[in-house]
Amino acid sequence: MTPPGRSALTGPSRQALLGAALLAAGRPVTLRELALVLGVPEDAALREVKAFTAQVASADLGFVVEAVAGGYRLVVPPATAPHLSPLLSPPPLPALSSAALEVLAVIAYRQPVTRAEIEAMRGGSASTVVTLQERELVKVVGRSDAVGQPLLYGTTERFLLEFGLTSLAELPPLESGNFAHLLRS
């Protein structure tokens, strides 16, 4: 049935298309992609996203629009998540060790960076790079021009998603350029 005021030939509303796009993609959708779906310029798509975000928030539907990793996605609000635990699987991965978090911080702030550079900055092993790669938080982004052409590591889109960042520019500033104070209790 066609909603009042809309012709059957015009299709779904922009808000309906926007919601469908965010739901169907299963990943953050960029403003450019949303503009293509909606058939409007990016500034108009941004206005639609803002209106949709407000509409979803006021309707209390059990999900919200989140801006993350350079795009937008639908997520469950944190207050709702504990009630959904019987439906969620697999269980979350165990927390990263302090060493893994330190290596991740070095990579995030100094990327692209070699394993030897990570070890020099940390003053210890960078063996947790493998764990970070398995969790898709870091990846090989190239090779250094140094002797032996060691691998260069950088963060992934999943890193941004897991830490709720839209870009690396949102990382908190380093006070001293020293990583010793990061992520240690």
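Start with helix H1, where Gln15, Leu18, Gly19, Ala21 and Leu22 are the buried residues. These five sit on the same side of H1, because they span an arc of only 160° around its axis. Keep in mind that this is a predicted model, with an average pLDDT of 83 for the protein chain.

**Helix H1 and its surroundings**

- H1 takes in residues 14-25, which makes 12 residues.
- From first C-alpha to last, H1 reaches 16 Å, close to the 16 Å expected at 1.5 Å a residue.
- Turn to the other side of H1 and you'll find Leu23 and Ala24, both exposed.
- As a rule, an α-helix has 3.6 residues a turn, so residues three or four places apart point the same way.

**Where H4 meets H5**

- Helix H4 (residues 98-110) packs against helix H5 (residues 115-122) at an angle of about 115°.
- The axes of H4 and H5 are 10 Å apart, and their crossing is right-handed.
- On the H4 side, the contact comes from Ala99, Glu102, Val103, Val106, Ile107 and Arg110.
- H5 brings Ile118, Met121 and Arg122 to that contact.

**Thr114, in strand E3**

- Thr114 belongs to strand E3, which covers residues 113-114.
- Is Thr114 buried or exposed? Its relative accessibility is 5%, so Thr114 counts as buried, the cut-off being under 20%.
- If you set aside neighbours within four places in sequence, Thr114 touches Ser144, Pro150, Leu151 and Leu152.

- Across the protein chain, 85% of the residues score at least 70 in pLDDT.
- Strand E5 (residues 151-155) is where confidence is highest, at 95, while helix H7 (residues 157-162) is where confidence is lowest, at a mean of 87.
- Residues 1-9 are another matter: their pLDDT is below 50, and the model gives this stretch five contacts beyond near neighbours in sequence.
- Residues 178-185 also stay under 50 in pLDDT, and here the model has 16 contacts beyond four places in sequence.

Note on methods:
Residues numbered from 1 in each chain as written. Predicted model: local features only at pLDDT ≥ 70, side-chain atom pairs only at ≥ 80, totals over all residues. Heavy atoms only, no water. pLDDT = per-residue confidence, 0-100. Helix = DSSP H or I, 4+ residues; strand = E, 2+ residues; numbered from the N terminus. Contact = heavy atoms within 4.5 Å. Expected span 1.5 Å × (residues − 1). Buried < 20%, exposed > 50% of the residue type's maximum accessible area, 1.4 Å probe, protein only. Arc of directions from axis to C-beta. Axes fitted to C-alpha atoms, helices over the stretch in contact; angles between N-to-C directions. Left-handed = near helix turned anticlockwise from the far one by under 90°.
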